[in-house]
Amino acid sequence: MLKLNIGNPAPFGFRAPEKLLEIMQNNLSATEGYSDSKGIVSAREAIKKYDEKKNIPNVDIDDIYTGNGVSELITLSMQGLLDYGDEILVPSPDYPLWTASVTLAGGTAVHYVCDEQAGWYPDVKDIEKKITPRTKGIVVINPNNPTGALYPKELLEEIVKLARLHDLIIFADEIYDRLVMDGKKHTSIASLAPDLVCITFNGLSKSHLIAGYRVGWMSISGDKSNAKGYIEGIKLLSSMRLCSNVPAQSLIAPALEMMEETEKLVEPGGRVYEQRECIVNLLNDIPGVSVVKPEAAFYCFPKLDIEKFNIHDDERFALDVLRKKKILFTHGGGFHYETPDHFRIVYLPEMETLKEAGQKLKEFLADYRQLD
């Protein structure tokens, strides 16, 4: 089976920097006990320094929480905020954990449109239209999973204006901010919102290829004067799980000083960069398939010609490909994308695997039409 379905670098031959693993091994005897519920001081000091580099304002060491990956912290941040009926604006397509965490906390995820014709950028007018008195916050996934889009500063400023006008908390999922290609730069939305509460999520799973070690963090920035109750709730929830993985926390400070290998991956000649070029060319070469070239992360979100393939069920399409060609990917509906004509490909596998998958998909689609 050719697995193009999950953003886990390890099975595809990616390895963390050897020096980083040595640091963790050498620290094991010193990280056997619980840490402060927010995390060890050296890790939070390093995160604070990183936030300063990203121009994220008003972050003290006590505003930083480490977690067992960003996923745990996303759920924690929603549980601390939402009551039954509260709404959170979430992009479509989204990283599905956001919708699940909102729902689990008793809230309602209201999906705003990301426009494929505009490079998968959020549709600001659609966001504005979906704000109600029950809206508590907006999720911005930048760089984006599943599309690989990187949002420009001007667009982020428009989103901040809406958040300011309607007193919304901004939840900024920026786990891929160090995996940006084509010489482009990532802008943290929190840097544009010093007067708002913004929670920025980041971690080492992707940039340093240690997804299994579960090490992430969140920083609460901006004007926190009107969010004291919410912050107390976050503190309580953080304390209830005692602390996050302490050996993994010991990697945060050295990892954030160790960017060279990550940078090499996304430069021309680097593995992530070249595999992106490969998959985009392969997909656009298939009649009836098109894809917006991703600018970051390691995902793309191809589109199928609905009329050509008579597509009306994207999950069925994904299962048909799996059964006939043994290629596994996630259908667009898995990311809360309503139109059944997209699917996500993870382009982490080696070049030869991508080429094999591209050829098999081309063969499959040569005479494919869904039955009514």
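Visitor: Is Lys362 buried, exposed or partly exposed?
Guide: Lys362 counts as partly exposed, at 32% relative accessibility, where buried means under 20% relative accessible area, exposed over 50%, and partly exposed in between, with a 1.4 Å probe and protein chains only. Before we go on, this is a predicted model, in which local features need pLDDT of at least 70 and side-chain atom pairs count only at pLDDT 80 or more, while totals for chains, interfaces and linings use all residues. Residues are numbered from 1 along each chain as its sequence is written, and side-chain values use heavy atoms, with hydrogens and water left out.

Visitor: Which residue does Lys362 meet in a salt bridge?
Guide: The side chain of Lys362 meets that of Asp285, at 3.1 Å from N to O; a salt bridge here is a side-chain nitrogen of Lys or Arg within 4 Å of a carboxyl oxygen of Asp or Glu. This pair links distant parts of the chain, 77 residues apart, with Lys362 in helix H14 (residues 351-365) and Asp285 in the loop between helix H11 (271-284) and strand S10 (289-290). The helices (H or I, at least four residues) and strands (E, at least two) are DSSP runs, numbered from the N terminus.

Visitor: How many salt bridges are there in the whole structure?
Guide: The search finds 23 salt bridges. Among them is the one between Lys129 and Asp126, at 3.7 Å from N to O, and these two residues both lie in helix H5 (residues 124-129), three residues apart, or about one turn of the helix. Lys129 is exposed at 64% relative accessibility, whereas Asp126 is buried at 8%.

Visitor: And Arg178, what does that pair with?
Guide: Arg178 forms a salt bridge with Asp177, the closest N and O atoms being 3.1 Å apart, and both Arg178 and Asp177 are buried. There is also a network of salt bridges that links Asp182, Arg276, Glu277 and Lys293.

Visitor: Where does Asp182 lie?
Guide: Asp182 is in the loop between strand S7 (169-173) and strand S8 (198-203). Its phi is near 65°, a positive value in a residue other than glycine, and Asp182 is partly exposed, with a relative accessible area of 39%.

Visitor: Switching to the strands, in which sense do S3 and S4 pair?
Guide: Strand S3 (residues 87-92) and strand S4 (residues 108-115) pair in the parallel sense over six bridges, where two strands count as paired if DSSP finds at least two bridges between them. The chain crosses from S3 to S4 through helix H4 (residues 97-104), and this β-α-β crossover is right-handed, in that, with the strands pointing away from the viewer, the path from the first strand over the helix to the second runs clockwise. Ile88 stands opposite Ala109 in S4.

Visitor: What comes between S4 and S5?
Guide: S4 and S5 form a hairpin with five residues between the strands, in which Gly119 takes a positive phi near 75°. Strand S5 (residues 121-122) runs antiparallel to S4, joined by two bridges, and the bridge partner of Asp115 in S5 is Tyr121. Trp120 lies in the loop between S4 and S5 and has a positive phi of about 70° although it is not a glycine; Trp120 is also buried, at 1% relative accessibility.

Visitor: Which peptide bonds are cis?
Guide: The bond from Ser92 to Pro93 is cis, with omega near 5°, and Pro93 has its place in the loop between S3 and H4. The bond from Asn142 to Pro143 is cis as well, with omega near -5°, and Pro143 lies in the loop between strand S6 (135-141) and helix H6 (153-166).

Visitor: How many disulfides does the count come to?
Guide: The count comes to zero disulfides, a disulfide being a pair of cysteine sulfur atoms within 2.5 Å. For Cys114, the nearest cysteine sulfur is that of Cys300, 16 Å away, and Cys114 is buried at 2% relative accessibility.

Visitor: Why is Cys198 too far for a bond?
Guide: Cys198 is too far for a bond because its sulfur is 17 Å from the closest cysteine sulfur, in Cys114. Cys198 counts as buried too, at 0% relative accessibility.
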